[in-house]
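Subject: The structure you asked about

Hi,

Here is the structure I promised to pass on.

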Amino acid sequence: MTRRDGTRRLDASAYEQLVQSVVDYAIYILDPEGNVSSWNPGAQRIKGYAADEIIGQNFSRFYTAEDREAGLPQQVLKRALEEGRFAGEGWRVRRDGTRFWAMIVVDAIREGDRVVGFAKVTRDMTEHREASLAALETERRFRLLVQGVTDYAIFMLDPDGLVTNWNTGAQRIKGYAADEIVGQHFSRFYTPEDREAGTPLKALETAKRTGRFTAEGWRQRKDGSRFWASVVIDAVRDENGELIGLAKVTRDLTERREAELELERSRAALFQSQKMEAVGQLTGGLAHDFNNLLTGITGSLDLMAARLAQGRINELERYITAAQGAASRAATLTHRLLAFSRQQTLEPKAVDANRLVSNMEELIRRTVGPNIAIETVLAAGLWPCFCDPNQLENAILNLSINARDAMPEGGRMTIETANTWIDQVGAIERDVPTGQYIAICVTDNGAGMPPEVVARAFDPFYTTKPVGKGTGLGLSMIYGFARQSGGHVRIYSEVGRGTTVKDLSAAARRR
Ligand SMILES: Nc1ncnc2c1ncn2[C@@H]1O[C@H](COP(=O)(O)OP(=O)(O)O)[C@@H](O)[C@H]1O
Ligand SMILES: [Mg+2]
C-alpha cells in the first residue's frame with residue numbers, strides 16, 4: 001500500500017465522519033438504479049427514515065405521487081448522467097407523508113467511464129421559501145399600494161436623477177404615462193426658469209447630502225400647464241449605506257393654494273366692507289362737525305367782508321386765523337377719513353398702540369358725539385405690539401361704536417393700554433403662547449350684556465340692534481383679527497353697569 005493510498009483512505013474516513021455529523025443537509029448515495037446505498041443523520045432528520053429502513057429502497061419514494069407519475073425521478077438521474085450534475089427545487093415527501101420544499105443537487109459518481117452511482121444532497125428550504133414568499137408578497141402589496149395611490153405622485157430616481165418607476169398618481173398629476181417618462185431626467189418637471197437656475201440639481205444634491213429635500217414650488221405638467229407642488233425627495237440607501245436611488249413624492253397643492261388665496265381675498269373684502277360700515281356710522285357725526293367748522297369759516301369770512309366794507313382793515317388778522325384754524329381742522333378730518341377708508345393691504349408689523357390710539361382720539365370723539373366723555377389711559381413704556389395697524393384701528397373704532405350704541409343717553413368711555421404677561425395657566429385658557437402681550441381695553445358704563453349675549457357676541461351676524469343699525473360683524477371681525485395675529489379678545493360685562501372688551505396683541509419681538 002503506497003503512502004498515497006493511505007492518505008486517500010484517511011481522507012475518505014474523515015469525509016465519512018464529516019458527512020455523518022451534518023444534520024442540516026441530507027447527504028446520501030444512490031446506486032446507478034437509484035436505490036439508496038448510504039444515509040446520514042441529516043437525511044434521517046429531514047426525511048424521517050432511519051438508515052436501516054431506507055437503504056436498498058428506490059429514491060423515487062421521496063417524490064410526490066404526481067412527480068413520480070410524471071417520471072421526474074428518472075429524469076433527474078438522466079440529467080445528472082448527461083450533464084454530470086443536476087440541481088433543482090421542488091416538493092418532496094417525508095416518511096410521515098408531510099411535504100417539504102427541497103433544494104437538491106445530484107452529482108454522478110464516475111469511476112473511469114463507468115457511472116457507479118449518484119451523490120445526493122438535499123436541503124429543507126420550506127421555512128426559507130415561506131419567508132421569501134412572504135417578502136415577495138409584502139413587496140407586491142407595497143407595489144400595489146404605491147401604484148394605487150392617485151393623490152400623490154410617487155416615483156423613484158436613480159442617483160443621476162433619471163426616473164426609474166412611476167405610479168398612477170404621478171401619471172394623474174404630471175400627465176405622463178410610465179413608458180413616456182421612465183428613463184427621462186426629472187428636471188423636466190421643473191419650470192424653464194428653475195431649470196436654468198439649476199434648482200433640480202440642487203434639490204438632488206441636498207437629498208443626497210442630507211438624506212432629504214423638501215420644498216414647495218411651481219412644477220410643470222406634460223401639457224406645459226403649471227401646478228403648485230409640495231415635494232419631498234428622500235435618499236434611498238442599501239444596508240451598506242450605498243445610494244441606490246431617490247424616492248420622490250410630489251403633491252399637487254394648486255387647489256389648496258387657490259382656496260387659501262380665495263379666503264385671503266374674501267377676508268380682505270369683508271374687512272373693507274366692515275371698514276366702510278364704520279365710515280358710514282361716522283359720517284353722521286362728521287356732517288355735524290363739518291357744519292360747525294364751515295360755520296366758523298363762513299362766519300369769519302362774513303365778518304371780514306363787513307370790516308372791509310367799513311374800511312377797517314387793521315383788525316382782520318384774528319378772523320383770518322380763526323378761518324384758517326377751522327379749515328385746517330376740517331382738512332385733517334377729511335384726511336384721516338380718507339386714509340382710513342382707503343383699501344390697504346393687511347400687513348402685520350410692530351405697532352405703537354399708544355400712538356395709534358392718540359391719533360384716533362379725535363376721530364372717536366367725533367364718532368361718539370358730545371354726550372360721551374372719552375378718557376384715554378396710556379401706559380408708559382408700552383411694548384410695541386405685532387399686528388396690522390389698519391385692523392387695530394378698525395377694531396378700536398368698532399369697539400367705540402359699540403360703546404356709543406350701549407350709551408344712548410350718554411356716559412363715559414375709557415380706552416386703556418397696558419403691558420401684560422400671559423403665564424402657562426392663562427395661555428392654556430386662551431389658547432395662545434405664553435409671553436408678553438399688549439392689552440387694549442375699551443370700557444363703557446352703558447347697558448351691558450347678559451351672559452347669553454356675551455356668549456354669542458363674537459358670532460358673525462349676531463346683533464341685537466335694529467336692522468340698518470347693526471350688522472353683527474364688528475366683534476366677529478375683531479375676534480378674527482385677534483386670533484389671526486396670535487392674540488385674544490374677551491368681553492367682561494354686567495347688565496346695567498357696563499362693558500369692557502379686552503384685546504390682547506402679542507408683543508413684537510425685540511430686535
Ligand atoms: N359695549 C357693548 N355693550 C353692550 N352690548 C354690546 C357691546 N358691544 C357689543 N355688544 C353686543 O354684541 C352684539 C354684537 O356686536 P357686534 O359684533 O359689534 O355687532 P353689531 O354692533 O353690528 O350689533 C351687539 O349687537 C350687542 O348686543
Ligand atoms: Mg358693532
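Let me start with a sheet: 5 strands make up an open, antiparallel sheet in the order S2-S1-S5-S4-S3. Its edges are strand S2 (36–38) and strand S3 (85–93), each of which has a single partner strand, so one side of each is left without a neighbour in the sheet. From one strand to the next, the twist averages 35 degrees. Within this sheet, strand S4 (residues 99–111) and strand S5 (residues 114–124) are joined in the antiparallel sense by 10 bridges. If you want a spot to look at, find Val106, whose bridge partner in S5 is Lys120.

Please keep in mind that this is a predicted model.

As for the overall layout, the chain splits into domain 1 (3–125), domain 2 (149–252) and domain 3 (344–506). The centres of domain 1 and domain 2, taken over C-alpha atoms, are 54 Å apart.

Next, the core. The largest nonpolar core has 40 residues, and those that touch the most other members are Ile364, Leu392, Ile396, Met413, Ile415 and Ile438. Among the elements that give two or more residues to this core are helix H13 (353–368), helix H14 (389–406), strand S14 (411–422) and strand S15 (435–444). In general terms, nonpolar side chains in soluble globular proteins tend to be buried together.

S12 and S14 run parallel and are joined by 6 bridges, with Glu375 opposite Thr414 in S14. S14 and S15, on the other hand, pair in the antiparallel sense over 10 bridges. Ile415 has Val442 in S15 as its bridge partner, and Ile415 is also one of the core residues listed above.

Finally, the aromatics, where the count comes to 13 pairs. Take Phe155 and Phe189: their ring centres are 5.6 Å apart and their planes stand at 75 degrees, so this pair is edge-to-face. Phe155 belongs to strand S6 (residues 152–157) and Phe189 to the loop between helix H8 (178–181) and helix H9 (192–196), so the pair ties together parts 34 residues apart in sequence. Both Phe155 and Phe189 are buried. Elsewhere, Tyr28, Trp39, Tyr49 and Phe62 form one aromatic cluster.

Technical notes
Residues numbered from 1 in each chain as written. Chains lettered and ligands numbered in written order. Predicted model: local features only at pLDDT ≥ 70, side-chain atom pairs only at ≥ 80, totals over all residues. Heavy atoms only, no water. Domains from an automatic or database assignment. Core = buried A, V, L, I, M, F, W, Y, C linked by side-chain atoms within 4.5 Å. Buried < 20%, exposed > 50% of the residue type's maximum accessible area, 1.4 Å probe, protein only. Helix = DSSP H or I, 4+ residues; strand = E, 2+ residues; numbered from the N terminus. Pairing = 2+ DSSP bridges. Axes fitted to C-alpha atoms, helices over the stretch in contact; angles between N-to-C directions. Phe/Tyr/Trp six-rings, centres within 6.5 Å; stacked < 30°, edge-to-face > 60°.
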